[in-house]
Amino acid sequence: MPKSKSLFRVSEKKGLPIGNLTSQIFANFYLRDFDNFITASGVYYGRYVDDMVLMHTKKDILLRVKRKISLFLADHFHLQLHPAKSILQHCTKGFAFTGAFILPWRLYAGRRLRHAFWEVVKKIPHLKNVLNVLNSYFGFLRHYRTLRLRLKGWNLINMWIDKVYLNNQAVCIFCL
């Protein structure tokens, strides 16, 4: 874990546990006024914990709202936007957000998810809980435009699995 994300290396009364349900609850409670502030600004706004996306048809409105956000965060929370992580671009170029790559009318699985899926597929002959792991990945990948990825993975898996049995009955475990 990077030092900047460790709770052991931040000053007292700062930080947020990563990957935890409490992080989501704390963020929603803590940033409620911030959410209301942005919603009133007239831009489309989406947030997951401390990641957010703003959209509008006019660039100048987005720039003005970004300045207001910077002031609001500094005044109310003593926080600042990360300068390298604020990106302004046309929506047709797409953007990464919470593990997905989002384009107009399309939603793709992010690189990390695709890479993790392939790592699991490679380990199939050695996994004991194959059903749980593969069901999890195939179910998660169904939410994105990943039919080719899932079919390619399924073809590799077929080399190792002819039929899957659960309680002496053949079962279908993958939903393509």
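T98 is partly exposed, because its relative accessibility is 44%. This residue of the predicted model sits in the loop between strand 3 and strand 4 (100-103), and its phi is positive, at about 45 degrees, although T98 is not a glycine.

**Backbone in the loops**

- H78 is another non-glycine residue with a positive phi, near 55 degrees.
- The loop between helix 3 and strand 3 (95-97) holds H78.
- With a relative accessibility of 69%, H78 counts as exposed, whereas T98, at 44%, counts as partly exposed.

**Aromatic pairs and cluster**

- The model contains 9 aromatic pairs.
- One of them joins F34 and Y45 in an edge-to-face arrangement, with 6.2 Å from centre to centre and 80 degrees between the planes.
- Because F34 belongs to helix 2 (residues 32-39) and Y45 to strand 1 (residues 44-48), this pair ties together parts that are 11 residues apart in sequence.
- F34 and Y45 are both buried.
- F34 also pairs with F72: the ring centres are 5.8 Å apart and the planes stand at 45 degrees, so this pair is tilted.
- The relative accessibility of F34 is 2%, so F34 counts as buried.
- F72 has a relative accessible area of 10% and is therefore buried, the limit for this class being under 20%.
- A single aromatic cluster is formed by Y30, F34, F37, Y45, F72 and F77.

**Helix 4**

- Helix 4 (residues 111-122) has 12 residues, which at 1.5 Å a residue should span 16 Å; the C-alpha atoms at its ends are 17 Å apart, in agreement with that expectation.
- Its buried residues are L113, F117, V120 and V121.
- These four lie on the same side of helix 4, because they cover an arc of only 100 degrees around the axis.
- In an α-helix, residues three or four places apart point the same way, because there are 3.6 residues a turn.
- On the face of helix 4 turned away from the buried side are the exposed residues R111, R112, H115 and K122.

Definitions and conventions
Residues are numbered from 1 along each chain as its sequence is written. This is a predicted model: local features need pLDDT of at least 70, side-chain atom pairs count only at pLDDT 80 or more; totals for chains, interfaces and linings use all residues. Side-chain values use heavy atoms; hydrogens and water are left out. Helices (H or I, at least four residues) and strands (E, at least two) are DSSP runs, numbered from the N terminus. The expected span of a helix is 1.5 Å times one less than its number of residues. Buried means under 20% relative accessible area, exposed over 50%, partly exposed in between (1.4 Å probe, protein chains only). The arc is that of the directions from the helix axis to the C-beta atoms. Rings of Phe, Tyr and Trp (its six-membered ring) pair if their centres lie within 6.5 Å; planes under 30 degrees apart count as stacked, over 60 as edge-to-face and the rest as tilted.
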